[in-house]
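Please read it with the coordinates open.

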Amino acid sequence: MGGLGVMTARLLRAALFVVCFLICGSAFAAGVCPSGLPVSGSNCYFIAANGSDTNSGTSESTPWLHAPGMPNCAGVCATVTPSAGQGFILRGGDSWHFGNSGLAPYTGGTWNMDPHDGNETTCVYEGTQTGCIYYGVDQTWFSGASWTRPILNADNPTSTSLVSSCTYQIANGTNGSHNQFVVLARAAIFDNFEMRGLCSNEPGDPATNSTYLVFYGNGNGCQTGDTSPACMTFMVNLYLHGWTATTTAGTSSSSQPCVLIGGGFNGLQTIDHVVIDGQDSSPGSCAWGTFPSFYHMRDSIVRYTNQGVGQWCHDIHDNIFEYLYEHNPGAGSHTNVLECNNDSTGNALHQPQNTPNVVYNNIDRHLDPNISPDGQVNLWFCPNTMTEYWFNNLVYDTGYPGGNGNFWAIAGSPTYSLCTNAGGQFMFNNTISGGQQPCHLGGSNTTGGQFLTVLNENLLNSPWDSTGCIGRNDASNISMTWAAGNSQGYMSGSAGRADTDTCARDTTSPCSPTSVGNSTVGVGGNHQAYCTALATFLSEPAIGTDAANACKFGTTDGCAYNASAGVHAMQCPAQTAVARPASAAWDSGAYQYSASQSQAPQPPSGLTVTVQ
């Protein structure tokens, strides 16, 4: 063969090699996944601040510099298409820069995971998760003296006040949007990242601009009968903080100029052990949630921020909502703590069908005193034909003296036609201070409370809205003034942030009974029947196991928040719950007095995302 022929043959072999590498690389080049992750086998790639995209990325000693979906992902990194069962492991303690292109490693802008789905058949909330795409960590791999989360930094300095201008904006947003941090994928887990430093100069409603986490869901819909291959995304063990906005941002509308978790009706979200803490931020600037789904929200804390509004509310427990703020002064307002525009209708795609909605073991407290006078909503639910159970919740120091319909709002027809209330709502064993007990409902809800049952409530300076609900005159509902609550140790006698009196033992067991002679001890009805009813929903362990078991115990006080530097994590439960009697009288309110019942193990609540 002549020289030209030899050269041609060599070029052909080289071209075939490149084609094979490009086609087969992502299928065969991955490295062994660390143990303890929801992905396993030779399915993981590794990314570190000292890596190179020309490395293989198949081990912690040969990492890439970027992850797929980051605009600056190049070389070997750019040949890999994320798929079900794969993991992308970022080294703990490293930082990736999203705003300042002069710092390394610079991502090039928005980290867009959206084009690539996992397999929702094997990426589920409870059970196997081998079909998820995993973006997360190996806690044995880190830079520095000890493991901390990888940091995703938009590079603007933190400020607790509004700023004159934003130093950096995030480039290369998706779908015509801008200043987006991360766009999440379906059937994927986003685990153990710290995100900080986004600044907004949006003049009005940001929509999907100036957002920490964006989840578009699926345009084909997420109800039974729709054709979406995947709908759920998982946000786990995150720490979101450090946002700012300019003095002119948001002044043309009542909307906050930035968003921490965004979404839409065509997606389902799991929010699990997520810390949203704006104590170092401009707290009135960012809405913590603008139309995500609250399908599963557990073991999380939302503080020093404002406005959570969404849909698909289904399984909400062991969360803390505290120190929420009114929107920026002079910019109008739309500030709610937790507003469920549509509760789950029981037909979410790829999820267990026709299971009840539950809200339990949550704490809601220490609100901005301007929220109630400005007509804002504290808690808002939209019940439909699915049964709902609301129990073991603590609500106090919210600034609703004498109460009003926005304290615990239950929407209904005709104004809200989807909120029929017809499935029935069971509200029991909650402790409420300085609010209002819903019963008649009224306003936009013309049902007159006929579908609402209220039992075993502890109402401290919290009048009823009127009559109409089942249980309005039941002796198990204990009403007392703050003065009476002080004499028995429920109340502190000191002003809170919003109320002139707040719970005693705020950081341990707020508004709990202190002796066997207290007014709530041993006077409640026994409602094991509710727990038994929940336990029949075996198709969904979050309801049939977790909620059913929690019903048999007093409150856990949510989770304890560890705000230590480098930690910022939820430790659950905050306390070991006390078992309620199997047949004897329960206590009223969220607590079961510990001296009247032996301590029992905390009910299982670990049937969720299995990640480090």
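1. Ground rules. This is a predicted model; local features need pLDDT of at least 70, side-chain atom pairs count only at pLDDT 80 or more, and totals for chains, interfaces and linings use all residues. Residues are numbered from 1 along each chain as its sequence is written, and side-chain values use heavy atoms, leaving out hydrogens and water.

2. Overall size. The radius of gyration, taken over C-alpha atoms, is 25 Å. That agrees with a compact globule of 612 residues, which would have a value near 25 Å; the rule is 2.2 Å times the number of residues to the power 0.38. The C-alpha atoms fill a box of roughly 100 × 55 × 50 Å along the principal axes.

3. Make-up. The chain has four helices and 37 strands. Both are DSSP runs numbered from the N terminus: helices are H or I with at least four residues, strands are E with at least two.

4. Packing. Of the 612 residues, 59% are buried (under 20% relative accessible area, 1.4 Å probe, protein chains only). Take contacts (heavy atoms within 4.5 Å) between residues at least 6 apart in sequence: 72% join residues at least 24 apart.

5. Helix 4. This helix spans residues 541-551, and nine of its eleven residues are buried, so the rest of the structure largely encloses it. Among the buried ones are D546, N549 and C551. Their cover includes helix 3 (528-535), strand 19 (296-298) and strand 31 (425-428).

Note on methods: Buried means under 20% relative accessible area, exposed over 50%, partly exposed in between (1.4 Å probe, protein chains only).
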